[in-house]
Amino acid sequence: MTTQRILIALTLAASLSASGAAHAAEGAPVPPAQKWSFAGPFGKYDQGQLQRGFKIYKEVCASCHAMSLVSFRNLAEPGGPGFSAAQAAAVASEYKIKDLDDKGEVIERPGRPADAFPAPFANDRAAAAANGGVTPPDLSTMAKARTYERGFPWFVIDIFTQYQEQGPDYITALLLGYKNPPKDFVLPPGGNYNEYFPGHVIAMPPPLSDGQVTYDDGAPETVAQYAKDVTAFMMWAAEPHLVQRKRIGFQVMIFLIVLSGLLYFTKKKVWSAVH
Amino acid sequence: MHGNSTYQPQSKIGQWFEKRLPIGGLIHSSFVAYPTPRNLNYWWTFGGILSFMLGVQIITGIVLAMHYTPHVDLAFKSVESIMRDVNYGWLLRYLHSNGASMFFIAVYIHIYRGMYYGSYKEPREVLWILGVIIYLLMMATGFLGYTLPWGQMSFWGATVITNFFSAIPGVGETVVTWLWGGYAVGNPTLNRFYSLHYLLPFVIAGVVVLHVWALHVSGQNNPAGIEPKSERDTVPFTPYATVKDSFMMVAFCILFAWFVFYMPNYLGHADNYIVANPAVTPAHIVPEWYYLPFYAILRAVPDKLLGVLAMFGSIAILAFLPWLDTSKVKSARYRPLYKQFFWLFFAVCIGLGWLGAKPAEGIYVVLSRILTIYYFAHFIVVLPLLGIFEKTKPLPNSISESVLGSKA
């Protein structure tokens, strides 16, 4: 699939070299296409990668960003990071969740698998106040909520190659896109220069640094690896049933192709008397 | 509906019932014995596909409605809970959202087929106008439905589209406030959009019944554009049309499934995965792809009121097509000039669709204006004149002759 995609892409890029201009029109470079285990018709999440990504989310992102649509129980669901039910419960129990006791008093209890990931701030205004006036966006659907302009002819080619990882590619590029601003660029106070962020000024300081998060599986502890792992985790958070969707999709495709073949020959037989 | 039925129930109960309510005969005459021209090509299968898509949308929609909450604070979350926690909820929602696009792909093919083969001409004018009404209702339903997930594009799309009505002189602002149920798009707007989104598909189904009824009175047009003259020109609906329609329906489902299972968000906007925020305007507010040509026409006109009129006019003009096209020959097969103008018009519509997705600036505005003018000129200038000046090819004497002729 990937080589086929590259071949198609190269052929069309050669014949329509103007396409590069469409990307550049927005003022930001095109995020480089990463290799994702979940891309393509047989794509699956890489369990190890999701577990590493979760670790980064937990230790880095979650201190500012909420992920309120994801629950601890989701960590143990099929097609995801592959935690056991006990492991998911153990992760949940590390958190303190605000609740009411029988008398209606506000208490803090240990988290349960059914709890959603707790938000780092009490509300959006508190989050904004603690982050220079900008609320860090919720990451639950982030991997599907970001994209970049594909332009003609790419948006046509994408239908055939099934390329739909603009979101993950953009997020990884953004996480790796912190640079020193060009000489004539005026950076407003509290802003950080990022090559891929629209307008180049992002409130979030570079969140990742080499060696920041310890991996137990021997994966390199580099910013490049962190960025990819946490992006994959965000993709799972946004589309937790992707693996099931693609698996069922393949079965549906086989069924439909066989059925349409049978119907085609039935049609030929029925019409043979008329033609 | 046509008196083609020789339907006689076998059983005593069947005969008893048929005497009191001849529904078996109705079905038999409409979908079994109904004579269809023998030369129909595959472009004629999209009517059946459209009925199927309407069914898919209604069934998935009814189940989605069981899990959806039409409230500004809960709508986005309830859609996400459908995606995450409802059993096969992701499948239902992706079927429904991509189903809307498939519905429009099918309806555009259906409309262009009608234009190419002159299916709107006598005696099918009412059939055609009912089709235009269905298309308008589909556009309204699609727009209302896109508001429901209450993402950024839902909210801002609803704001832009409802604002069209503020262009009405004098009472525009009042009308918009009345539509919103407030002074901005808000909870009352979402509630009424939900209510109407549930209502309109059934209105569509009602007009579809009229559309099919009118079809069964006048009979189908066909690629030769001449009416059947003898039994040799037609074949019974079942099995001939049924098996052909079934094949294409399943083939169409392959396309449908490709999007649903492999790229379910391709036809949507990333911004709609951000919860609606009245304080933040998205960089580009773009409607769904199926509205883009009309959006381009709207923005091509510098004046707001005239722009809105041009946009609605571009759809309304379709209803007058039977009288704007003055040619007596129906099918483009025998109209060498019209055939070229048809494809030019098709290209102009695609071009307008592309421009609708571009920002309204620079060369895009100029191109939009040129194509908008051509769009209207096609109906008002080209079609009336072609009927007068075009030298058409000789028509075959009968449908069966045209079939045998093409074989020889």
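**A note on helix packing and aromatic pairs**

1. H6(B) and H7(B) are oblique to each other, since angles under 35 degrees count as roughly parallel, over 145 as roughly antiparallel, 65 to 115 as roughly perpendicular and the rest as oblique. The axes of helix H6 (residues 125-147) of chain B and helix H7 (residues 152-163) of chain B come within 7 Å and cross at roughly 135°. Axes here are lines fitted to C-alpha atoms, for helices over the stretch in contact, with angles running from 0 to 180 degrees between N-to-C directions.

2. On the H6(B) side, B:Phe143, B:Tyr146 and B:Thr147 make the contact, and H7(B) supplies B:Met153, B:Ser154, B:Gly157, B:Ala158 and B:Ile161 (contact: heavy atoms within 4.5 Å). These residues divide into five nonpolar, three polar and no charged; Ala, Val, Leu, Ile, Met, Phe, Trp, Tyr, Cys and Pro count as nonpolar, Asp, Glu, Lys and Arg as charged, and the others, Gly among them, as polar.

3. A word on the basis: this is a predicted model, where local features need pLDDT of at least 70 and side-chain atom pairs pLDDT 80 or more, while totals for chains, interfaces and linings use all residues. Residues are numbered from 1 along each chain as its sequence is written, chains are lettered from A and ligands numbered from 1 in the order in which they are written, and side-chain values use heavy atoms, leaving out hydrogens and water.

4. Chain A has ten helices and four strands, which are DSSP runs (helices H or I, at least four residues; strands E, at least two) numbered from the N terminus. Their order from the N terminus is α-α-α-α-β-β-α-α-α-α-β-β-α-α. Of the 275 residues of chain A, 43% count as buried (under 20% relative accessible area; exposed is over 50%, partly exposed in between; 1.4 Å probe, protein chains only).

5. Now to the rings: 56 aromatic pairs are counted over all chains, for rings of Phe, Tyr and Trp (its six-membered ring) with centres within 6.5 Å; planes under 30 degrees apart count as stacked, over 60 as edge-to-face and the rest as tilted. A:Phe185 and A:Tyr193 are edge-to-face, at 4.9 Å centre to centre and 80° between the planes. A:Phe185 is partly exposed at 26%, whereas A:Tyr193 is buried at 10%.

6. B:Phe259 and B:Tyr266 form a tilted pair, 5.9 Å centre to centre with 45° between the planes. B:Phe259 is buried at 5% relative accessibility, and B:Tyr266 is partly exposed at 23%.
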